[in-house]
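Trainee: I have just opened this entry and would like to learn how to read it. Could you walk me through some features?

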Amino acid sequence: MSEEELDPKEMPKRVRVLAARVSGDAEHDSSGRWFKRYMRPYLVAAGIDFRITQATATGGLGRSLVNEFKAKRIVEAGGTAGNAAASALGPTEERDAALELSEQKGGIILMGRDALKEYFWALKKGYGEEIDLREEARLEGLGLGAGERRSDAKFERFEEIVVKELDKEDATNPKAPFEEVDEVAQRLNAIANEEDDSPSTSSGVVGGLKPLGYAPYRIPPPSASAIKSAPSESDLQPLTLAPRQLPPQPPLLLVPFYRRFGVVTWPSSILGFFNHRADVKLGAEYAMMILNQNLRPFAPPTSRNSLGELENTLDLNLVEEVRLGGHRELGMAEEGTPTGSPDLDFMIEKEEPGMFRKSDRKLPHDQEYHRRHYYTEELPPALKQARELASGERPATKAETANPPKIESELRKQRLEKEVRWRHELQGWAVRRSGSGVAWDESWGNSLGNESVFKVFEGLKDEDWKRMEEGKQRVEVEKAARVAAWEALA
């Protein structure tokens, strides 16, 4: 296959590898390393390029794909607006389009059931939800757009989104941690907001009180004239991008990658250290599926309830509620819930609570304990200490002078980092937990006659091996003829 001629303007065939992190595994790139070791040599020998998207956290693969799909929708909406200048592609966009086309022909390799779950969740969320274009424009202005190429932009984008969520939650919570200000601070803030022509002493002390030494981490309020002239956010007409139909997808290769960890796996791990024959054979078989390009339609789910609705599939609303701290008593099923589709039920026999650490099996309940402990016992005394020292209410002790405590802005940053981590952990857990199911939409295909938009690679048959052997012999004959012609000229 590597000897076949390629047009100079044509990109080589390219596949994309989606590797999710195994929950609880200390080696976050175990699935990616398995591909590089047992499948990559065959693809390189055949002249096929590849690109690996490796997640470093549970749910990280799905979140990055959601941003990618939404960025594509925004770019497509801008290009189809009728503006020829906006739809013109630059060198970078042309290269991305050529690579995407080559991946469309090559396919997508899903490493295990975890990658399957996150990929289909990202497809449904990325293409099935509305996009607030005003919010995306605001994030784009901050350099945190969905299509931003900087490696640190993704985390900063998540932080900015969580900041707005926390502001909304604190606005409705009378006991929000940073909203409680003592009586002295209220008096000092009132004095600071007096008119500019108020008398003040040369020492800077107003009314016998020392000015407040800290300021809340907030944007200053606009003037009254600006409020009258600028329309409020609620008065603006909604500017959203409606959900769109799923575009043609590359064919999928479902690789049965499975990795267990813990003390009980030590004997098999030691044996596997000296014997890699099973992995080598498995990697070769699935790499040959990519090379052969023998496709079949994706089998849609058939399991339905009494109302005719699909069941045992992933509920996106439940995932969002769990992410925001709901369903604290939600646990894991003892086994996977079949959908009737052999493709969606891929490796469902391996889906059990034993795949997860004990601390992850009831993550919402355990995380609620840590969250409550932080907001009731850790944050309040630290915040009180920071405000007392900043306002000069009391002098710093020797221990505080030697090791200065965090100021209020640092405590806000610490809270934000904790909330981002907690919400990401809950989101990934809700998608990947045992019994959650795989996301699916009726428009993607169903058992009532609509063919699925997905294709799946099939294993090689006898005629495929025969055809590949004939192609090998033909290439060898042509190569020998070219060598003989060069020798005759010499």
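Mentor: Gladly, and we begin with a term: a nonpolar core is a set of buried Ala, Val, Leu, Ile, Met, Phe, Trp, Tyr and Cys residues joined through side-chain atoms within 4.5 Å. Buried means under 20% relative accessible area, exposed over 50%, and partly exposed in between, with a 1.4 Å probe and protein chains only. This is a predicted model, in which local features need pLDDT of at least 70 and side-chain atom pairs count only at pLDDT 80 or more, while totals for chains, interfaces and linings use all residues. Residues are numbered from 1 along each chain as its sequence is written, and side-chain values use heavy atoms, with hydrogens and water left out.

Trainee: Which residues touch the most other members of the largest nonpolar core?

Mentor: They are Leu110, Tyr119, Phe120, Leu252 and Phe454, in a core of 43 residues. At least two residues each come from α3 (60–79), β3, α6 (112–128), β6, α13 and α17, and α6 gives the largest share, 8 residues. Those labels are DSSP runs numbered from the N terminus: helices are H or I with at least four residues, strands are E with at least two.

Trainee: What does Tyr119 touch?

Mentor: Contact means heavy atoms within 4.5 Å. Not counting residues up to four places away in sequence, Tyr119 touches Leu18, Leu65, Phe69, Ile108, Leu110, Gln249 and Leu252. Another core, of 24 residues, lies apart from the largest one and has Trp34, Ile109, Leu253 and Val255 among its members.

Trainee: How should I read the side chains of strand β6?

Mentor: In a regular strand the side chains alternate between the two faces of the sheet. In β6 (residues 252–255), Leu252 and Leu254 point one way, Leu253 and Val255 point the other way, and all are buried.

Trainee: In which sense do β3 and β6 pair?

Mentor: Two strands pair if DSSP finds at least two bridges between them. Strand β3 (residues 107–111) and β6 are parallel, with 4 bridges, and Ile108 stands opposite Leu252.

Trainee: How do I read helix α18?

Mentor: An α-helix has 3.6 residues a turn, so residues three or four places apart point the same way. Here, Asp464, Met468 and Gly471 of α18 are buried, and α12 (277–292) is included in what covers the buried residues of α18. For length, the expected span is 1.5 Å times one less than the number of residues. Helix α18 (residues 462–489) has 28 residues and reaches 41 Å from first C-alpha to last, close to the expected 40 Å.

Trainee: Is Glu419 buried or exposed?

Mentor: Glu419, in helix α17 (residues 408–432), counts as buried because its relative accessibility is 2%. Leaving aside neighbours within four places in sequence, Glu419 is in contact with Val162, Leu166, Arg371 and Tyr375. Leu166 and Glu419 are 253 residues apart in sequence, and 8.8 Å apart in space, C-alpha to C-alpha.

Trainee: What joins the side chains of Glu419 and Arg371?

Mentor: A polar contact of 2.9 Å. The term means a pair of N or O atoms within 3.5 Å; within protein, one must be able to donate a hydrogen and the other to accept it, and residues adjacent in sequence count only if both atoms are side-chain atoms. Arg371 sits in helix α15 (residues 363–391) and is buried too, because its relative accessibility is 14%.
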